[in-house]
Amino acid sequence: MAGVLAGAVLIIVWSVAPFLWLLRSSLSPSGEMTRVPISWWPETVTFASYADLLAALFAPGDGTTTAQLIALGLQNSMVVGVVVTVINVVLGFAAAYGFSRARGRGWSMALNGLIISRMVPMFAIIIPLFLLFSRVGIYDTYLALVLAELAVTLPFSIWLMKSYLDTIDVELDEQALVDGATKPQMLRLIMLPAARPGVATAAIFTFLTSWNSFIFPLVLSSSPTVMTVQPQIAATYSDMRADYDVLFASTVLACVPPMILAFILQRQLTRGLLSGAIKG
Amino acid sequence: MTVRSAPRGWSPGPGRPPTTATRRAARRRQRLGEFGLMGPAILVVLGVLFYPLVYSLWLSLTERSDTGRTFGFGNYAAMFGDPILPTALRNTFLFAVIAIAGSIILGLAMALLLNIPSPLRGAARVAMLIPWSMSQVAVAVIWGWIYNGSYGALNGLLFDLGLIDGYRAWLNDGTTAFVLLGTAFIWSIAPYATLIFLSGLQAIPKEQYEAAKIDQANVLQRFRYVTLPWLRNSFAVVFVVASLEGFLAFSLIYMLTNGGPGYETTVLAWWGYATMFTYGATEKGAAILYFLTAMVMAVSLVYMRALRRPAV
């Protein structure tokens, strides 16, 4: 038993300590962070960087300070994430229902196409998307980012929701149609509630993926009014004159939404991961 | 919207069997609606995924010149002739090995431990969500700061323990950089493996272990003959996911080493990206990334075939 406890403590320390070090650094003034030898306990605790970031979030400037740049990035991530999630739920759920109920060679081939698309790494499409979006004139817009995120999230959402819908008896939808419900009504009133855990899981996974996405916005956006928070943090990180305290506070803030979602998702997590990996 | 009957609060009423005719009508309506349902999503996937995929292949097979584009394998020839290729290939496979070994060894160890009831089990599972949920950019910021040559916690720790007598720039040495990148990488992906293994472990019926105990099997034998066979699918999933992660590792390298020192941490993903966006060789970059894509897809196809085979 003591061994098991020690092991659990080890897992906790290993998982949490690096993040705690970031948190601690985000609460120290820059001068204290760059002192040698380093001190393990903070002498001064300051929330100044968080205050800067929050102020910039509510009164976004033109992106002249690091805090403003990151605040814009956080807002952009939120916009792109929400739009991608809504499209995933609406288009993806309809498609998932269709794939779950459709019979016929054509549809099963389309379904296989979806499975294959789960294996396409984003590196395969990043260059063509960049060239394409530049040519069409939507490079560095929300639209470009939304479309790119859809490429990786939509097939996964469809798969996830389909695997839930597969467990719902076909008799249920037929009965509803026979009783005079229209198709959209049946989908909304009968199927959506029945498949709610699957839809919620797909939505959360979509938002998580989009929020944490780095390479797409890195390549497909350039101005602070469009670029999401991940490439913005990366740019700040590689800037030699970076305000490290603001950088670390930004990183902590950028970790908050995914952590909350992961916590909510705990129960569904493994099922989602499994269906994403095995079926995908 | 015309409503034939109000379905608000509708529930499948018992004892009203539909006739064959109405049922057939419903089926026909369903068939007609199929494209309306799946069409939009399929069009989006075709447009943003399959079209770029084909476009990318075409790009990699063409070369620009003053007279226009010519078709051929020149980009692939340039890639295979590049002295960086063997290094990039070796590093890509090394990263995959690190990811697979780390996920399986650490992930399985953590899962076995967390499968035993203890007061700290819940807390440990929640703690693992921190690295799991984090973006690779955040992972890079955290570990880059720990590894920092001037003020890093790694330097501080080793110095306080008396193992080094001065702070060092750890990422300036190829081998050390590889080990440190690998550590950060495993930190961020092992929790995924743990979750998969845990769900596999929890699916094992308790009677299996009781029967094994009656047969006087010791801990190791129970692990070998009960646990491992039941975890077969979990192993396969972890294997697929970890190798894909390993093959496609990019963000940590982009942020911490830029593929260096020299080319010592250059992997295919980074090389392809840099070829295109740093050196502007679009077509060669497309060829490198297409080569990587082909490798990744071949690997997943092999695994998927293996997964379909019935359990032994």
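Q: How many helices and strands are there in chain A?
A: This is a predicted model, in which local features need pLDDT of at least 70, side-chain atom pairs count only at pLDDT 80 or more, and totals for chains, interfaces and linings use all residues. Residues are numbered from 1 along each chain as its sequence is written, chains are lettered from A in the order in which they are written, and side-chain values use heavy atoms, with hydrogens and water left out. Helices (H or I, at least four residues) and strands (E, at least two) are DSSP runs numbered from the N terminus, and on that basis chain A has 13 helices and 0 strands.

Q: What share of the 280 residues of chain A count as buried?
A: The C-alpha atoms of chain A fill a box of roughly 75 × 65 × 35 Å along the principal axes. A residue is called buried under 20% relative accessible area, exposed over 50%, and partly exposed in between, with a 1.4 Å probe and protein chains only. Among the 280 residues of chain A, the share that count as buried is 59%.

Q: What is the secondary structure of chain B, in helices and strands?
A: Chain B has 312 residues, of which 50% count as buried. Its secondary structure comes to 13 helices and 2 strands.

Q: What area do chain B and chain A bury between them?
A: With contact meaning heavy atoms within 4.5 Å, 103 residues of chain B are in contact with 101 residues of chain A. The buried area is the accessible area (1.4 Å probe) that two parts lose on being put together, summed over both. Of the area buried here, 78% is on carbon and sulfur atoms, and the total is about 9300 Å².

Q: Which helix gives the largest share of the side of chain B that touches chain A?
A: Across this interface the rule finds 0 salt bridges, a salt bridge being a side-chain nitrogen of Lys or Arg within 4 Å of a carboxyl oxygen of Asp or Glu. The largest share of the side of chain B that touches chain A amounts to 24 residues, and these come from helix α1 (residues 20-60) of chain B.

Q: Why do the buried residues of α2(B) line one face of the helix?
A: Helix α2 (residues 74-81) of chain B has the buried residues Asn75(B), Tyr76(B) and Met79(B). They line one face because, seen down the helix axis, they fall within a limited arc, taken from the directions from the axis to the C-beta atoms, and that arc is 95°.

Q: Which exposed residues lie on the face of α2(B) turned away from its buried side?
A: This face is the one turned away from the buried side of the helix. The exposed residues that it carries are Ala77(B) and Gly81(B).

Q: How many of the 10 residues of helix α12 of chain B are buried?
A: Helix α12 (residues 268-277) of chain B is mostly covered. Its buried residues include Trp270(B), Trp271(B) and Tyr273(B), and the count of buried residues is 9.

Q: Which residues does Ser300(B) touch, not counting residues up to four places away in sequence?
A: Ser300(B) has its place in helix α13 (residues 282-308) of chain B, and it is buried, with a relative accessible area of 3%. Leaving out residues up to four places away in sequence, Ser300(B) touches Met119(A) and Leu244(B).

Q: How far apart in space are Leu108(B) and Leu195(B), C-alpha to C-alpha?
A: Leu108(B) is found in helix α3 (residues 84-114) of chain B and counts as buried at 10% relative accessibility. In sequence Leu108(B) and Leu195(B) are 87 residues apart, while in space their C-alpha distance is 9.3 Å.
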